[in-house]
Amino acid sequence: SEEYDVFICYNRDDGEKVERIVGLLRAEGFRLFYDRDPNCFPPGEKWLEYIGPGMRASRACLVFLG
């Protein structure tokens with residue numbers, strides 16, 4: 001039961017921009033629930049099974065609107 005500082009939510013079309021911001025947040029020491037991180041969301045798994053638990057395990061949600 002991992003705990004996260006921030007749950008990252010974004011539109012795939014904004015993926016490159018979000019990736020840069022994720023890098024900055026990680027450099028500052030934030031623990032992120034980020035769908036491109038295989039520790040949070042294993043490739044090939046059903047994503048819906050991970051979203052709810054990831055949100056509940058996060059202290060904040062960062063939503064990117066593009």
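**View 1. Aspartate 5 as a buried acidic residue in a predicted model.** In this predicted model, aspartate 5 is buried (under 20% relative accessible area, with a 1.4 Å probe and protein chains only), its relative accessible area being 13%. The side chain of aspartate 5 forms a salt bridge, that is, a side-chain nitrogen of Lys or Arg within 4 Å of a carboxyl oxygen of Asp or Glu, with that of arginine 31 at 3.0 Å, N to O. Aspartate 5 belongs to strand β1 (residues 4-9) and arginine 31 to the loop between α1 (15-27) and β2 (32-33), so the contact ties together parts that are 26 residues apart in sequence; helices (H or I, at least four residues) and strands (E, at least two) are DSSP runs numbered from the N terminus.

**View 2. The salt bridge between aspartate 5 and arginine 59.** The N to O distance for this pair is 3.9 Å, and the pair links strand β1 with strand β3 (residues 58-63), 54 residues apart. Arginine 59 is exposed (over 50%), with 70% relative accessibility.

**View 3. The salt bridge between aspartate 37 and arginine 26.** The closest N and O atoms lie 3.4 Å apart, and the pair connects the loop between β2 and α2 (48-56) with helix α1, 11 residues apart. Aspartate 37 is buried at 16%, whereas arginine 26 is partly exposed at 37%.

**Notes.** Residues are numbered from 1 along each chain as its sequence is written, and side-chain values use heavy atoms, without hydrogens and water. Local features need pLDDT of at least 70 and side-chain atom pairs count only at pLDDT 80 or more, whereas totals for chains, interfaces and linings use all residues.
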